[in-house]
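Please keep the sequence and the structure in view while reading.

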Amino acid sequence: RIDYYQNMGNGSFVLNSTVGFASTSAFGIATPDMLNTFLVKIPPGGSRDIEVIFDTTVPRTTNSSIFLATNDPLKSLVAIPFSANVIDTTPPTINVTTNLSGFQTSEKPFNIDANVSDNAGISKVTLNFSVNGVPFLVPMNRISGDLLLGTYRAAIPATKATAAVAYFATATDLGFLATTSDTFAYNTTTHPNITNVTQTPA
C-alpha cells in the first residue's frame, strides 16, 4: 500500500523522523529514507508517498498505526492507522503413512503417523477412529518438523477383544481450512488359549 500525504498549509511541513510501527506489528515501511531517522521537507502544495508493506504469510486481521514526528506545533506526533486482512485459500495436505489392514492383534496399541504440510501453518491434527462403530477422536502430536511441514502421531489403543477398527486423520490450518485423509480399516483378533494339554502314551 502507498499512502499519499500533501501539505495544504503555507509553510514547509517537515517530517523529522518515522517512529514506525510497533515491534510486533505485521506492517513495515518500504520507503528507503523512511526506515530510520530522516528529515523530509514537504513544501506548500507538495506531497510525499510512503510505501507500507504487510506480512501476508499468516492468515489474520491486523490493525496498527504508523507514527510520524513532525514540526507541526499543534500536532508534533501524527498517528496514521492501518488495517489489513489476509485470507488463506489453500487447505493443508495430509498423508497417513501408517496403513493397517487385514488382521492385527488385539493385545497392543498401534501408533498412527501422518505427514502434514501447509503454506501458512498447521493449527491442529486429529486422529478419528472407530471400534465396532463407536467413534473416538484424539489429538495428534507433532514428533518432527514444524508448523509448515511436520509428522504427527497418535495411538489407537488395544481393543483387548475381537473388533473392527477404522481410522482417518484431519489437519486444520491457521486459516481454519481442513483436509481429511483417506480412511483405513483393519480387524483385531485375540490369540488362542491352549489349556488342558494331555499326553496320550504311544
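S117 has L149 as its bridge partner in β14. This pair belongs to a predicted model, in which local features need pLDDT of at least 70, side-chain atom pairs count only at pLDDT 80 or more, and totals for chains, interfaces and linings use all residues. Residues are numbered from 1 along each chain as its sequence is written, and side-chain values use heavy atoms, with hydrogens and water left out. Strands (E, at least two residues) and helices (H or I, at least four residues) are DSSP runs, numbered from the N terminus. Two strands pair if DSSP finds at least two bridges between them.

Strand β14 (residues 149-156) and β10 are joined by 8 bridges in the antiparallel sense. Both belong to an open sheet of 4 strands with antiparallel pairing, in the order β8-β10-β14-β13. The edges are formed by β8 (93-96) and β13 (141-145), each of which has a single partner strand, so one side of each is left without a neighbour in the sheet. On average, neighbouring strands of this sheet are turned by 30 degrees against each other, direction ignored; the axes behind such angles are lines fitted to C-alpha atoms, for helices over the stretch in contact, and angles run from 0 to 180 degrees between N-to-C directions.

## Strand β17 and its partners

Strand β17 (residues 184-189) pairs with strand β9 (residues 103-105) in the parallel sense, over 3 bridges. T105 has T189 as its bridge partner there. With strand β15 (residues 163-173), by contrast, β17 runs antiparallel, and 5 bridges join the two. One of the residues bridged to β17 is A166, whose partner is A185.

In a regular strand the side chains alternate between the two faces of the sheet. Buried means under 20% relative accessible area, exposed over 50%, and partly exposed in between (1.4 Å probe, protein chains only).

## Aromatic pairs

A pair of aromatic rings is described by the distance of the centres and the angle of the planes. Rings of Phe, Tyr and Trp (its six-membered ring) pair if their centres lie within 6.5 Å; planes under 30 degrees apart count as stacked, over 60 as edge-to-face and the rest as tilted. The count by this rule is 4 aromatic pairs. In the pair of Y167 and F184, the ring centres are 5.5 Å apart and the planes stand at 25 degrees, so the pair is stacked. Y167 lies in strand β15 and F184 in strand β17, so this pair ties together parts that are 17 residues apart in sequence. Y167 counts as buried because its relative accessibility is 0%; F184, at 15% relative accessibility, counts as buried as well.

The rings of Y167 and Y186 have centres 6.2 Å apart and planes at 65 degrees, so this pair is edge-to-face. Y186 lies in strand β17 and Y167 in strand β15, so the pair ties together parts that are 19 residues apart in sequence. Both Y167 and Y186 are buried. Ring pairs link F110, Y167, F184 and Y186 into a cluster.

## A buried proline in a loop

The loop between β7 (77-86) and β8 contains P92. With a relative accessibility of 3%, P92 counts as buried. Its contacts (heavy atoms within 4.5 Å), not counting residues up to four places away in sequence, include S117, D118, A171 and T179. P92 and T179 are 87 residues apart in sequence, and their C-alpha atoms are 6.0 Å apart in space.

## The chain as a whole

The protein chain has 0 helices and 17 strands. Of its 202 residues, 37% are buried. Among contacts with a separation of 6 or more, 65% join residues 24 or more positions apart.

The mean pLDDT (the predictor's confidence in each residue, from 0 to 100) of the protein chain is 81, and 74% of its residues reach 70 or more. Over residues 33-37, pLDDT stays under 50. Where pLDDT is low, the predicted coordinates should not be read in detail.
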